[in-house]
Amino acid sequence: MNLTPMALVTLLFAVMPLALWRIFHGQAGCWLPFLLLAPVAAFMALNMLETALMRRRALAGMYLRPESFLARLLCRKSFLAAWQMVKAVVLALLLFMEAPGWPAWLWGVLGVDLLLLPFLYLWARGWLSGQVRQGRRNILARRLLLGLNTGLLMGVLAVAQLFVPRADYVGLGWRETAVQAAGQVDTACEYLAPVVRLGAMRDALASRLVQALPRQGWPTLGAWLLYFMWSGLVFWAWSRLILGGLGAGQVLEYLEDGRCD
C-alpha cells in the first residue's frame, strides 16, 4: 500500500501556510494571516469531520430510530460541518499564536515528523488491514496516529527541556516578564497582534513560574504539568493539521456518501 501523489501534495499544502506565517508574520498586513488561516482551518476541520461522521453513523445506525428527531438532526451534515469548522478555527488560531515563537530546533523536529508520519500512516494502515473493514481502515489509522504522534512529540519535548537553555526571568517580576516577552514578538496585523503576543507571554510566564518555585515538590510538578498539557494541545492541533492533509481526498469522498447508518 502506497500513498497517492495527491495525498503528499495536499500534505505539503496543509503545512505550507503555517510555515509562511512563521516567515512573514511580522511583515505582512492583515490580509496574509487570514488568507493563510483559511486552509489550515479547512484541513483540520476535514480531519475532525471524518471521525465525527463515523461516530454519527454508529450512533444513528445502532441506537436511534431513523424517523426520530435526534436521528434527523445528527444526519444533517451542515450542522456537523459547521461545528467542526468552529473548533478548527480555534485550533488554527492556537497554532498561529504559537508558531512565531517556536525555536529553530522545534521546527526541525516538526520537519522530521512531517517526513516520518506518512510512513507511520502506511504502517498503521497495514496493521489494521486484517482487523478493520476496508472502508473504515484509513479513518481509524489516522485516528490512531493522532494520539500516537502527539505522544511522540510530547516525549521529544520533555527530553529537549533537559538540554535546551531557557531565558532567565528570576530577576524580573511577573509584569516585567510579560512585558519583555510581548515586546520580543510583533506582527503587522493589529487584529492578530494580541494573539501572537499572548503566545509569547504564556511561554515566558510558564518559565518564570517554574523558576520561581522550589526545585522539588508538588508545585514544580504541577507547573510542568500545566506547561506540557498546553504543549500537548498544540501538538494535537499540529497532528490534526498534517493528518487532515494526508486524508483530505478520502474525507471528501466520505462526505459525498449520503448514508446516515
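Predicted model: local features only at pLDDT ≥ 70, side-chain atom pairs only at ≥ 80, totals over all residues.

Modeller: Let's begin with how the chain is put together. Among contacts between residues at least 6 apart in sequence, 81% join residues at least 24 apart. The chain has ten helices and zero strands, so reading along the sequence you get α-α-α-α-α-α-α-α-α-α. Of its 261 residues, 44% are buried. The accessible surface comes to about 14,100 Å², and carbon and sulfur atoms hold 69% of that.

Now for the patch. Five names to find on the surface are Trp123, Trp127, Leu144, Leu148 and Leu152, which form a nonpolar patch with about 490 Å² of accessible area together. Two elements give two or more residues to this patch: α5 (104-128) and α6 (134-160). The most comes from α6, with three residues. Zoom in on leucine 144, which sits in helix α6. Leucine 144 counts as partly exposed because its relative accessible area is 33%, and that value falls between the 20% cut-off for buried and the 50% cut-off for exposed.

Even so, α1 has a kink of about 30 degrees at methionine 16, shortly before proline 17. That proline, Pro17, is one of the buried residues of α1, and others include Leu11, Val15, Leu18 and Trp21.

Note on methods. Residues numbered from 1 in each chain as written. Heavy atoms only, no water. Bend = angle between axes of the 7 residues up to and from the residue. Helix = DSSP H or I, 4+ residues; strand = E, 2+ residues; numbered from the N terminus. Buried < 20%, exposed > 50% of the residue type's maximum accessible area, 1.4 Å probe, protein only. Contact = heavy atoms within 4.5 Å. Areas by Shrake-Rupley, 256 points an atom, 1.4 Å probe, with all protein chains shown as cover. Patch = residues over 30% accessible without salt bridge, like charges linked within 9 Å, V, L, I, M, F, W, Y side chains within 5 Å. Salt bridge = Lys/Arg side-chain N within 4 Å of Asp/Glu carboxyl O.
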